[in-house]
Amino acid sequence: MRKLIPFTLGAMLVGASLPLGWAQKIRVGEPAPDFTVSSLDGKTTYRLSDFRGRRVLIFNWASW
Amino acid sequence: MDTQGAEVARRFTDAAGVTFPSAVDRAQGLWDLYGFPVVPNGFFVDEQGILRYVKIGDFDARNPDDVTAIEGLLSTPSHQPAVPPGGDYARPLSEALQKAEEAAKHDPKNLDLRMTWAERLVENKQDGRARREFQSVLDVNPKSTRALVGLATAYLDLGQKDKALSALRQASDLDTGNWIIHKQIWAIEHPEQFYPTINPNWQKERLKEEGKK
């Protein structure tokens with residue numbers, strides 16, 4: 001099995017706390033809403049549902 | 001999660017030597033769909049497309065707890081037949097655009113579909129058209145933060161930074177706890193504090209100043 005390799009992307013030192021009264025839209029045990037995003041080279045797209053049959057780890061980060 | 005586009009994100013993936021597929025959610029349909037106001041987040045989806053792990057905020061591959069959680073999920077036996085490794089999951093931009101356009105035109109009153117289409121238009125560099133579609137959503141629902149952020153991406157591409165910031169500020173005022181919008185305004189207003197390296201002290205000072213107001 002592949003190990004997770006630690007790495008650093010961006011920095012989130014400020015403003016990472018969840019606001020009061022925030023309601024989560026998604027739940028463990030429920031289907032992951034399908035989405036399409038553009039690859040970093042801007043030439044292609046990825047769609048979550050294309051990965052059906054595989055386990056997918058989505059790591060969601062930002063440059064700021 | 002970068003309104004400014006892939007360029008600002010690529011610096012980090014290059015530096016980290018990332019080998020997994022990386023993508024950019026510019027117009028931020030994803031945060032709207034998944035409903036997260038912060039990053040970094042981790043989601044694990046199983047073979048059937050079911051969410052098995054959700055961590056909103058502070059997900060970090062250097063944090064032993066996060067690593068243990070994901071490795072635990074990976075070590076669970078799969079009930080699905082093994083899919084051979086590899087495979088090309090990338091699709092042409094034009095295909096995603098065409099599908100989104102068909103869906104939006106099939107159901108013209110569905111604003112989510114229209115915004116999805118407009119987001120694909122931005123990716124395909126059809127920013128003028130995207131701007132009109134986002135604006136048409138705002139004509140119906142002026143409080144759509146997703147449309148406002150989308151509009152900002154189109155304005156940024158069109159070189160209209162002031163209009164982009166104005167749309168982002170409107171979105172931020174409508175969703176005051178949303179750090180994704182808030183910090184992007186900072187990054188666009190003060191790129192020197194974010195690129196090439198992030199200045200956390202500047203952010204702390206800025207936060208203090210804003211707290212006083």
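Reply: The lining of the second largest pocket comprises eight nonpolar, five polar and 11 charged residues; Ala, Val, Leu, Ile, Met, Phe, Trp, Tyr, Cys and Pro count as nonpolar, Asp, Glu, Lys and Arg as charged, and the others, Gly among them, as polar. The model is predicted, so local features need pLDDT of at least 70 and side-chain atom pairs pLDDT 80 or more, whereas totals for chains, interfaces and linings use all residues. Residues are numbered from 1 along each chain as its sequence is written, chains are lettered from A in the order in which they are written, and side-chain values use heavy atoms, without hydrogens and water.

A pocket is an open set of points on a 1 Å grid over the protein atoms alone, where a 1.4 Å probe fits, with protein on both sides within 12 Å along at least five of seven lines; lining residues have an atom within 4 Å of a point. The second largest pocket holds about 560 Å³ of space, the volume being that filled by probe spheres set on the points. Of its 24 lining residues, A:Asp34, A:Phe35, A:Thr36, B:Thr116 and B:Arg120 are the closest to its centre. Two or more lining residues come from each of E1 and strand E2 (44–47) of chain A, and from helix H2 (29–34), helix H4 (93–106) and helix H5 (111–123) of chain B. Helices (H or I, at least four residues) and strands (E, at least two) are DSSP runs, numbered from the N terminus.

Those strands of chain A also belong to an open, antiparallel sheet of four, ordered E1(B)-E1(A)-E2(A)-E4(B). Its edges are strand E1 (23–24) and strand E4 (91–92) of chain B, each pairing on one side only; pairing requires at least two DSSP bridges. Two bridges join E1 (residues 36–39) of chain A to E1(B), and A:Ser39 has B:Ala23 as its bridge partner there.
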